Amino acid sequence: MAQLLMEADLEARQKGLVQVIHTSGEHLLTVINDILDLSKSESGRLELAREPVEPLEVARDVLRIVGPHAAERGIALGLEPVGAPPPFVGDPGRLRQVLLNLASNAVKFTDHGAVEIRIAGKTMARGEVETVFEVRDTGIGIPPDRLGHLFQPFSQLDGSSTRAHGGTGLGLAISQRLVRLMGGQITVESTVGQGSTFRFTLRSALAAPRLPTAAPRPAANGPLRILLAEDNPVNRKVALAMMERLGYQADVAVNGQEAVEASKARAYDVILMDVQMPVLDGLEATRRIHAQAPEKHPFIVAMTAGALPGDKEKCLAAGMDYYIAKPIRLEALAEVLGGRGAA
Amino acid sequence: MTVNAEAALQPLLRDMGNDKATVKELVEMFLTEAPDLLAKGRDAFAKKDAPGLQRAYHSLKGSSSQFGLADVAELARSIEHPAKEGKLPTQATVAALDAAWKDAETSLKAWVKATA
């Protein structure tokens, strides 16, 4: 109702008031849903689905949802798969709820730097899969004396931070209960001023992998001008083959210097830039590309493998717009290229 | 630490729409590249050349992870990151990586052979 009213022809002040009603209503709904979840999980009436879970897909969904808020706050988001986490049997919706809670908290409590979801999965004996989920941030951190209270309902660091950061204070309590239902336990490591890592491990049966039935549709409106800057010939070939499957073609540069020169000769929409390259690395190449076209530079995507803490910040500081983790995955390419529209 | 090539290649196969011919071509290319990178790595290790080590194992980490070789990628990473700060690995780590690669290589070669 409030939403309908917002679309009506109102004065600015009235619109503002309706917005408040709408936001309050939404907030109340969140609180009610949270309390219902909490009481259900406490009374053991919460049942988990048993479906195939593709952990990376769930994490990508979560990053998409928190993306706008992170962008607003100037926080970089990343997904770092360790190896290739296999699909397992579980409840994708509840897993998403937990990761979403952890990731949106991380974004909320991080003023600069990055939030990253790291997933390591391996197949164990007897067709079991063990998957370790981590949500890491470079945020304000949690003082040691507060760590113990973190998973209690209605706990946020203090009154002032409740006001500054919003939320019901129930999210972590619910997440912990959900993870326990899934057979795991959320633990936290945190250093005040440096950031926090929330971690849990799930063990479940291996699920059959899903094969995509058809290639995603190519961009409908005109070819995207793409430059791939990557020094490793095998990785280059893999990335080109994936782009071909997605209906894209790319020019190639084998080091940063070539990337700078190529982008002088042609206006690219997107540059996929390996960070570590000989002659000139991706960071310096990015700075030079910015310098030679300060008004309209291409969307530069860093490609990093098992980066060190701080590497992502360096990419952003150099003027890169986004990063995707290596190994490069089709979904990640489709997402980053699909979102770029056409020239 | 036996590598199952079929399982390791699963994500790449999936990304390639199960186009085995293309994946086979990529694997063959990788089978040529990786021994070369390992040789460069060993050479840099013998010369205590940390930047050389870092380059070789960085590259190996990148491509081996693309082919789902988690052990090789992790060992390469464990050499690469300290080398970035000038620290050299132990002989045992270099040997462990060589052994992990031998395993992976055998399995990948068998996969290539079985994939017409």
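Three salt bridges are counted between chain A and chain B, a salt bridge being a side-chain nitrogen of Lys or Arg within 4 Å of a carboxyl oxygen of Asp or Glu. This is a predicted model, where local features need pLDDT of at least 70, side-chain atom pairs count only at pLDDT 80 or more, and totals for chains, interfaces and linings use all residues. Residues are numbered from 1 along each chain as its sequence is written, chains are lettered from A and ligands numbered from 1 in the order in which they are written, and side-chain values use heavy atoms, with hydrogens and water left out.

**Where chains A and B meet**

- One of those salt bridges links E25(B) to K237(A), with 2.7 Å between the closest N and O atoms.
- On chain A, 28 residues are in contact with 28 residues of chain B; contact here means heavy atoms within 4.5 Å.
- About 2500 Å² is buried between the two chains, and carbon and sulfur atoms give 58% of that. Buried area is the accessible area (1.4 Å probe) that two parts lose on being put together, summed over both.

**Chain A at a glance**

- You'll find 12 helices and 12 strands in chain A. These are DSSP runs, numbered from the N terminus: H or I with at least four residues for helices, E with at least two for strands.
- Of the 343 residues in chain A, 48% are buried, meaning under 20% relative accessible area (1.4 Å probe, protein chains only).
- Take the contacts in chain A with a separation of 6 or more: 69% of them come from residues 24 or more positions apart.
- Chain A exposes about 16600 Å², with carbon and sulfur atoms supplying 54%; the areas come from the Shrake-Rupley method with a 1.4 Å probe.

**The mixed sheet**

- Five strands of chain A make an open sheet with mixed pairing, in the order β2-β4-β5-β7-β6. Two strands pair if DSSP finds at least two bridges between them.
- At the edges sit β2 (76-82) and β6 (187-191) of chain A, each pairing on one side only.
- From one strand to the next, the twist averages 15 degrees. Axes are lines fitted to C-alpha atoms (for helices, over the stretch in contact), and angles run from 0 to 180 degrees between N-to-C directions.
- β4 (residues 114-123) and β5 (residues 128-137) of chain A are antiparallel partners with nine bridges, and G121(A) faces T131(A) in β5(A).
- β5(A) also runs antiparallel to β7 (residues 195-205) of chain A, again with nine bridges; here R136(A) stands opposite T197(A).
- Five bridges hold the antiparallel pair β6(A) and β7(A), where T187(A) is opposite R199(A).
- The hairpin of β6(A) and β7(A) has three residues between the strands, and G193(A) takes a positive phi near 85 degrees there.
- Helix α3 (residues 55-72) of chain A lies across β2, β4 and β5, at about 170 degrees to β2(A).

**The parallel sheet**

- Another open sheet in chain A has five strands in the order β9-β8-β10-β11-β12, with parallel pairing.
- Its edge strands are β9 (250-253) and β12 (322-326) of chain A, each with pairing on one side only.
- The twist here averages 20 degrees from one strand to the next.
- β8 (residues 226-229) and β10 (residues 270-274) of chain A pair in parallel over four bridges, with L227(A) opposite I271(A).
- Helix α12 (residues 330-338) of chain A packs on this sheet, touching β8, β10, β11 (299-305) and β12, and its direction makes about 165 degrees with that of β12(A).

Definitions and conventions
Buried < 20%, exposed > 50% of the residue type's maximum accessible area, 1.4 Å probe, protein only.
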